[in-house]
Amino acid sequence: MEKRSDQTSILENLGRFCRACIVSIVSVGPIPVHIAFIMDGNRRYAKKKNLLEGTGHRFGYLALINMLKCCYELGIKYVTIYAFSIDNFKRRPEEVESTMKLIQEKIEELIKEESLLNIYGVRVYFLGNLKLLNKSVRLTAERAMAATAGNSKAVLSICVGYTSTDEIVHAVQECCERKWDEIRELDSSGAGYGLISIGTNEESKGENIVGVADIEKHMYAAVVPDPDIIIRTSGETRLSNFLLWQSADSLLYSPSILWPEIGFRHLVWAVLDFQRNFHYLKKKGKESEVSWWKSIPRILKYCLFWMVGILILFQFHSLSQKNVEIVWGFF
């Protein structure tokens with residue numbers, strides 16, 4: 001029994017070592033600043049495994065915690081998750097109520113002193129129309145934001161009661177209201193020069209009172225940069241009304257696995273794909289010439305990556321199925 005325990009410990013250390021090697025190799029290239037996740041497939045996972053209704057979401061939460069660890073290990077500062085859409089409120093009332101209870105329960109777990117968020121110094125934001133949530137969930141979300149306000153190493157944005165169209169409409173309405181308040185204030189002080197009548201002034205019809213930058217300031221997601229990668233599980237390539245405004249230059253990665261099945265290896269492939277397309281994705285920004293010698297670390301990175309992969313496969317060949325699962329669990 002003790003021998004088996006020692007073997008398990010060795011295999012776990014092997015798994016951690018290989019994972020640390022891959023992190024070091026991948027980190028040679030550009031690392032995305034912000035990754036967003038559409039966590040698709042929790043209910044299908046429960047059906048696939050013949051689990052009770054709602055159990056898939058609990059497995060999905062475990063997958064989320066693992067994915068957050070992976071992101072923070074790779075140095076990804078911003079993570080956004082699509083937790084609950086406004087359209088999800090159209091589902092059966094008992095399913096919505098069950099999901100809300102689970103969300104509240106998991107928020108409370110996240111803000112415990114020994115939680116992942118405090119270990120990694122993560123600040124939490126809840127993005128969306130929080131008025132749509134029931135009072136207990138809304139208060140728990142507000143408490144979580146207040147409790148993590150002092151954390152600054154990373155940011156987790158949780159989209160609940162959210163759709164992108166609602167976000168855009170909200171931003172435009174709030175921006176227009178703010179602009180009109182400013183104009184009225186200027187006019188009342190005599191410094192507005194008749195701006196309040198701009199709608200009837202032919203000469204000023206071409207002037208933009210509200211610009212793109214003004215609208216972006218009032219977006220729910222204004223607290224984070226635009227995502228570099230959007231990962232949607234279950235093989236779907238739809239954004240489903242998620243970050244439509246912010247995703248114009250984002251890379252979309254759609255592994256065929258269901259959300260509870262996502263692991264470290266899927267995140268690595270997404271980051272490698274981002275690195276491969278990095279200069280194309282960033283071409284709208286400030287371009288810089290890449291000298292040939294700057295490509296050497298990238299070449300070495302891929303060589304080392306495959307060498308580690310071959311060594312792992314070679315090691316697997318002589319392991320039992322159970323031991324393979326122990327090592328594979330780290331990926």
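I began with helix α4 (residues 93-110), where Glu109 and Lys106 lie three residues apart and are therefore separated by about one helical turn; helices here are DSSP runs of H or I with at least four residues, strands are runs of E with at least two, and both are numbered from the N terminus.

I noted that the model is predicted, that local features need pLDDT of at least 70 and side-chain atom pairs pLDDT 80 or more, while totals for chains, interfaces and linings use all residues. Residues are numbered from 1 along each chain as its sequence is written, and side-chain values use heavy atoms, with hydrogens and water left out.

I then looked up the contact between Glu109 and Lys106, whose side chains meet in a salt bridge at 3.3 Å, N to O; the term covers a side-chain nitrogen of Lys or Arg within 4 Å of a carboxyl oxygen of Asp or Glu. Lys106 is buried at 12% relative accessible area, whereas Glu109 is partly exposed at 29% (buried is under 20%, exposed over 50%, partly exposed in between, with a 1.4 Å probe and protein chains only).

Salt bridges that share partners join Arg43, Glu53, Arg91, Arg92, Glu94 and Glu95 into one network. Within it I looked up Arg91 and Glu95, whose closest N and O atoms are 3.6 Å apart; Arg91 is partly exposed at 30%, but Glu95 is buried at 9%.

Lastly I checked Lys90, which forms a salt bridge with Asp87 at 3.7 Å between the closest N and O atoms. Lys90 is exposed at 70%, and Asp87 is partly exposed at 39%. For the whole structure I recorded 18 salt bridges.
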